[in-house]
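Hi there,

Here is the structure I promised to pass on. Have a look at it first, and my notes follow below.

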Amino acid sequence: MFSIPGKQAVSMTPAAAGQIAKLMARDGNKGLRIGVKKGGCAGMEYTMDYVTEVDPHDEVVEQDGAVIMIAPMAQMFLFGTEIDYEVSLLESGFRFRNPNVADACGCGESIKFRDVEELSAEHGQQT
């Protein structure tokens with residue numbers, strides 16, 4: 001697990017925390033699990049799933065009534081990410097401001113992370 005004492009793995013803007021709390025309350029879920037998976041034109045995609053039970057290996061972040069769980073395999077890639085919820089004339093949705101991203105496709109749905117060894121060294125962990 002990647003962590004810095006006193007610092008949450010991810011942060012949420014008030015808009016994101018409010019939207020997540022609203023989604024949790026609507027269906028009685030315990031939170032939202034975020035992760036990453038292979039896919040898209042840049043190589044990886046974010047995942048978001050409702051959670052009815054907390055996995056003991058998940059990193060749990062709570063803020064203003066919102067609960068996010070980070071899947072174990074995604075923790076290194078998501079550390080330091082700010083999650084926002086934006087609304088525009090054409091679309092609304094969650095946005096990830098992730099310092100670990102090296103590149104992203106034009107559509108914004110797919111990302112490429114910096115090298116695993118580089119991330120591990122930066123966060124003081126061994127792979």
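Please keep in mind that this is a predicted model. I began with I83: setting aside its neighbours within four places in sequence, I83 is in contact with V10, S11, M12, T13, A16, I34, I68, F94, R95 and F96.

Several of these names come back in the largest nonpolar core, which has 24 residues. The members that touch the most others there are M12, I20, I34, I70, I83 and F94. Two or more residues of this core come from each of strand 1 (10-12), helix 1 (14-27), strand 2 (31-38), strand 5 (66-70), strand 6 (81-87) and strand 7. In soluble globular proteins, nonpolar side chains tend to be buried together.

I also looked at the aromatic rings, and a search of the whole structure gives two aromatic pairs. Y46 and F96 are stacked, with 4.1 Å centre to centre and 10° between the planes. This pair links distant parts of the chain, as Y46 sits in strand 3 (residues 44-51) and F96 in strand 7 (residues 92-97), 50 residues apart. Y46 is partly exposed because its relative accessible area is 21%, whereas F96, at 18%, is buried.

The other pair is Y85 with F94, and here the arrangement is edge-to-face: 5.0 Å centre to centre, with 65° between the planes. Y85 counts as buried at 19% relative accessibility, and F94 counts as buried at 19% too.

Terms used: Residues are numbered from 1 along each chain as its sequence is written. This is a predicted model: local features need pLDDT of at least 70, side-chain atom pairs count only at pLDDT 80 or more; totals for chains, interfaces and linings use all residues. Side-chain values use heavy atoms; hydrogens and water are left out. Rings of Phe, Tyr and Trp (its six-membered ring) pair if their centres lie within 6.5 Å; planes under 30 degrees apart count as stacked, over 60 as edge-to-face and the rest as tilted. Helices (H or I, at least four residues) and strands (E, at least two) are DSSP runs, numbered from the N terminus. Buried means under 20% relative accessible area, exposed over 50%, partly exposed in between (1.4 Å probe, protein chains only). A nonpolar core is a set of buried Ala, Val, Leu, Ile, Met, Phe, Trp, Tyr and Cys residues joined through side-chain atoms within 4.5 Å. Contact means heavy atoms within 4.5 Å.
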